[in-house]
Amino acid sequence: MNSKEVISSGLLESYVLGISTKEETALINTLCKENSELLKEIESIEETLIDFSSKLSPPINTDLKEKISTQLNFIAEDSPIAKVISIKNETEGRLSIYKLGIAASLLLFLTSLMYNVQLNHKLSKVNLELAQLNETKSYLADELKIQQASLKSMDTELEILSNPKVKTIALNGMNSLDKKTAMIHMNMETHDVYFNASSLPNSPTDKQYQLWAIVDGKPIDAGMIDMHSTASVFQKMKSVSGAQAFAVTIENMGGSPVPTMKTMCLLGNV
Amino acid sequence: MIILIREKNQKAFSYLYDNYSKALFGVINSVINDIEEAEDVLQKTFLKIWNNFDSYDTAKGRLYTWMLNIARNLAIDSTRSKHEKIKSKIHSTSDNVYKFENILRTEDNTHDTIGLNTILNGLKEDHKSIIDLAYFEGYTQEEISKKLNLPLGTVKTKVRQALLKLRELAKKEIIN
């Protein structure tokens with residue numbers, strides 16, 4: 001079949017109308033590849049049909065194109081610029097997520113840092129308070145020890161003073177200790193001697209008070225008086241039996257075997 | 001263009017719509033004769049063209065022919081389901097011709113009825129029937145041969161004659 005025969009057969013019309021048989025369609029497709037005249041004829045038939053049915057068409061709602069468009073999946077973009085913008089937006093979106101993440105972690109870090117600083121501050125404050133409390137505690141413990149010792153000595157003093165066998169002897173001041181008085185408590189049965197030095201002034205740093213008991217007119221050493229002792233007001237002295245009088249002299253540190261008569265400052269009879 | 005459609009490019013849709021929507025709508029509306037429903041079918045037609053474009057094979061025929069088949073089939077399906085709904089009788093060839101003529105007569109004044117009438121008035125009755133069956137109803141050559149009780153060769157010749165007349169009248173109309 002030459003071109004003219006094909007054209008005049010009515011096959012091309014059927015082909016464009018889509019009513020030709022499979023074989024006819026295949027034949028025309030093959031012929032068209034080699035013959036531009038046939039293709040031109042086909043295009044002309046198509047144009048006629050499109051023009052004809054377009055004239056038959058009532059006006060189409062202008063919104064329909066947009067309506068259809070929204071239901072279609074467009075993959076490729078209209079222009080490369082649009083693509084770039086799209087990618088950029090995506091990148092920006094991702095970036096802003098990263099930024100948000102960084103900001104969030106930074107905020108978390110700062111919050112935790114502030115919390116830690118606050119906690120440390122609190123901790124050092126608590127530690128300081130604890131140290132102060134410990135100090136107070138040890139002070140109170142010391143104070144308690146002192147009070148306990150004091151109480152104990154007072155108990156001892158009370159026991160001594162309340163004992164009916166104990167005799168209190170007043171020693172009167174003379175020479176340098178004029179107008180001063182000291183007390184001696186002596187158990188007449190056991191011969192224990194206690195000296196109360198609370199009313200006496202401190203002795204010179206290189207000197208010491210020494211107690212003497214007068215037995216049968218002779219002075220007997222009854223012990224050195226410690227002015228710096230805090231244990232008790234009452235100092236236990238050497239036991240002496242048969243004393244008629246007591247005297248106190250100021251001697252060199254450590255005492256003297258014989259009293260220095262001119263430094264005698266206290267004297268009292270039993 | 002076909003590559004752009006395959007890439008699902010928005011420009012390609014725009015091109016298809018601008019160039020073919022009127023022609024396809026003309027065909028759909030001729031079958032359905034209800035503008036609202038025809039618009040619905042046109043919408044379905046473009047969705048189907050777009051989503052099934054992979055099934056279009058350039059070796060098998062023209063793009064317009066492929067789209068025409070889709071539009072025509074959807075329009076016929078639509079009338080069929082509508083007819084089934086109202087339990088109406090299956091339309092006959094004479095009904096189609098009557099309907100075709102009826103549509104053409106009831107065209108509103110908003111579009112080119114004068115030019116269209118010029119074309120249609122120049123067509124013989126048998127040519128009108130052939131165009132209706134072949135173009136709007138999509139009857140195969142064999143079906144047309146049976147319907148019109150004509151030999152297959154005559155159908156082919158008549159299809160050609162009808163389209164030649166259409167072309168001639170269209171050209172004349174342009175000149176006028």
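H4(A) and H7(B), which is helix H7 (residues 125-136) of chain B, have axes that come within 13 Å and cross at roughly 95°. The two helices are therefore roughly perpendicular to each other, a label for angles of 65 to 115 degrees, with under 35 called roughly parallel, over 145 roughly antiparallel and the rest oblique. An axis here is a line fitted to C-alpha atoms, for helices over the stretch in contact, and angles run from 0 to 180 degrees between N-to-C directions. Helices themselves are DSSP runs (H or I, at least four residues), numbered from the N terminus.

Before going on, keep in mind that this is a predicted model, where local features need pLDDT of at least 70 and side-chain atom pairs count only at pLDDT 80 or more, while totals for chains, interfaces and linings use all residues. Residues are numbered from 1 along each chain as its sequence is written, chains are lettered from A and ligands numbered from 1 in the order in which they are written, and side-chain values use heavy atoms, leaving out hydrogens and water.

So who touches whom at that crossing? On the H4(A) side you'll find A:Leu49, A:Ile50, A:Phe52, A:Ser53 and A:Leu56, and they meet B:Ile131, B:Tyr135 and B:Phe136 in H7(B); contact means heavy atoms within 4.5 Å. By class, that's seven nonpolar, one polar and no charged (Ala, Val, Leu, Ile, Met, Phe, Trp, Tyr, Cys and Pro count as nonpolar, Asp, Glu, Lys and Arg as charged, and the others, Gly among them, as polar).

Now follow H4(A) back to its neighbour in chain A. H3(A) and H4(A) pack at an angle of about 120°, with axes 6 Å apart, so they count as oblique to each other. Here A:Ile28, A:Leu31, A:Cys32 and A:Glu34 in H3(A) meet A:Ser36, A:Leu38, A:Leu39 and A:Ile42 in H4(A).

Zoom out to the whole meeting of the chains: 50 residues from chain A and 64 residues from chain B take part in the contact. About 5100 Å² is buried between them, with carbon and sulfur atoms giving 61%; buried area is the accessible area (1.4 Å probe) that two parts lose on being put together, summed over both.

There are charges at work too, with six salt bridges between chain A and chain B (a side-chain nitrogen of Lys or Arg within 4 Å of a carboxyl oxygen of Asp or Glu). Look at B:Arg160: its salt bridge with A:Glu13 has the closest N and O atoms 2.9 Å apart. B:Arg160 lies in helix H9 (residues 152-175) of chain B and A:Glu13 in helix H2 of chain A, so this pair joins two chains. B:Arg160 also meets A:Glu41 in a salt bridge, at 3.8 Å from N to O.
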